[in-house]
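Please read the points below with the model open beside them.

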Amino acid sequence: MNPYTIFQETQCQRASDRATIPILSNCAGADRLLILVWSQLGDFDSLEYAWWLQREAETLQSLGITIRAVGIGDRDSGLKFCDYTGFPSEWLFVDPTAELHQKLELYPGLSLKFPGLSPGQNAWINLMLMCAGIASPGTLAEVFRGYRGDRQAPQLIDDRETIKATPLPALKGSFFNLAGGTGFQRPFELATLRLRNMSEVLGNWKTYVPDAAYMTQRGGTFLFDGGGNLLYEHRDRGILGFAENMSRPLSFLSLDSISINN
């Protein structure tokens, strides 16, 4: 089935007001519609994706792109996520059992079954194996990129910005200049942002992850034109694989630059 048809037929609870409505509500007339199907709202990928959207908010607005997102969790998860990331709660829908992900046939992640363990315990073991790169292509390379830096990626932390990532002391963005300069993703810069996300989630675990059984489920990105025609899609294949180009996760929008500018 066409992904757009699935989105049209799907209702979820909106984080802002608890209303269970079609996820495409108030999207009529959109020139471009970007639908993000996120993994668990406490997942690295969901938090990092939202960070990039916040960073590029002005560009997205100038392109006239309407955004909707569906993440695994409940309303409390959604509100906490929006409070931390700045993602608008009226754009976020929650899906406690990953039903939409299953309809879209998105990658469920490693799903080994271990006798005597609960679904949540099984998910934990599978998640740890995926973090080690098993059934999660590209994950280890992406982890290492966060530590070694990336000259193909932009600078992530402004020199004047202060980052607090427990257990590290507060760091000024200019600190990372010591690791190689400015104007690109410096060594340890991305790893520090990920550590901050991890500290946030671990400190609010039950809120972000009300049901651990869906921790391995991966997400996807779908861009449509005003007529519901699919312009671009990316189906996540593993942890930290939420974009085709992780150096610039929103660069796929340039693939559609001709259509967007028309």
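1. Arg235 and Glu233 form a salt bridge through their side chains, at 3.3 Å from N to O; a salt bridge here is a side-chain nitrogen of Lys or Arg within 4 Å of a carboxyl oxygen of Asp or Glu. Arg235 is partly exposed at 31% relative accessibility, and Glu233 is partly exposed too, at 33%. Buried means under 20% relative accessible area, exposed over 50%, and partly exposed in between, with a 1.4 Å probe and protein chains only. By the salt-bridge rule the count comes to 13.

2. On provenance: this is a predicted model, in which local features need pLDDT of at least 70 and side-chain atom pairs count only at pLDDT 80 or more, while totals for chains, interfaces and linings use all residues. Residues are numbered from 1 along each chain as its sequence is written, and side-chain values use heavy atoms, with hydrogens and water left out.

3. Asp45 and Arg218 meet in a salt bridge at 3.6 Å, N to O. The pair joins distant parts of the chain, 173 residues apart: Asp45 is in helix α2, and Arg218 is in the loop between α9 (205–208) and β8 (220–225). Both Asp45 and Arg218 are buried. Helices (H or I, at least four residues) and strands (E, at least two) are DSSP runs, numbered from the N terminus.

4. Arg194 and Glu142 form another salt bridge, with the closest N and O atoms 2.6 Å apart. This pair also links distant parts of the chain, Arg194 in helix α8 and Glu142 in helix α7, 52 residues apart. Both Arg194 and Glu142 are buried. Glu48, Glu142, Arg145, Asp150 and Arg194 are linked in a network of salt bridges.

5. Which residues of helix α7 (residues 139–148) are buried? They are Thr139, Glu142, Arg145 and Gly146. Seen down the axis of α7, these buried residues fall within an arc of 120°, so they line one face of the helix; the arc is that of the directions from the helix axis to the C-beta atoms. The face turned away from the buried side of α7 carries the exposed residues Phe144 and Arg148. The buried residues of α7 pack against α6 (119–131) and α8 (189–203), where contact means heavy atoms within 4.5 Å.

6. Helix α2 (residues 44–55) has 12 residues and should span 16 Å at 1.5 Å a residue; its end C-alpha atoms are 17 Å apart, which agrees. The expected span is 1.5 Å times one less than the number of residues. Among the buried residues of α2 are Glu48, Tyr49 and Trp52. At the start of α2, a side-chain oxygen of Asp43 comes within 2.8 Å of the backbone nitrogen of Asp45.

7. Strands β1 and β2 pair in the antiparallel sense over 3 bridges, and β1 and β5 pair in the antiparallel sense over 2 bridges; two strands pair if DSSP finds at least two bridges between them. Gln13 stands opposite Thr20 in β2 and has Val94 as its bridge partner in β5.

8. Arg18 has a positive phi of about 70° although it is not a glycine; Arg18 is exposed, with a relative accessible area of 54%. Ala98 has a positive phi near 55° and is buried at 0% relative accessibility. The peptide bond from Thr166 to Pro167 is cis, with omega near 10°.

Technical notes: A polar contact is a pair of N or O atoms within 3.5 Å; within protein, one must be able to donate a hydrogen and the other to accept it, and residues adjacent in sequence count only if both atoms are side-chain atoms.
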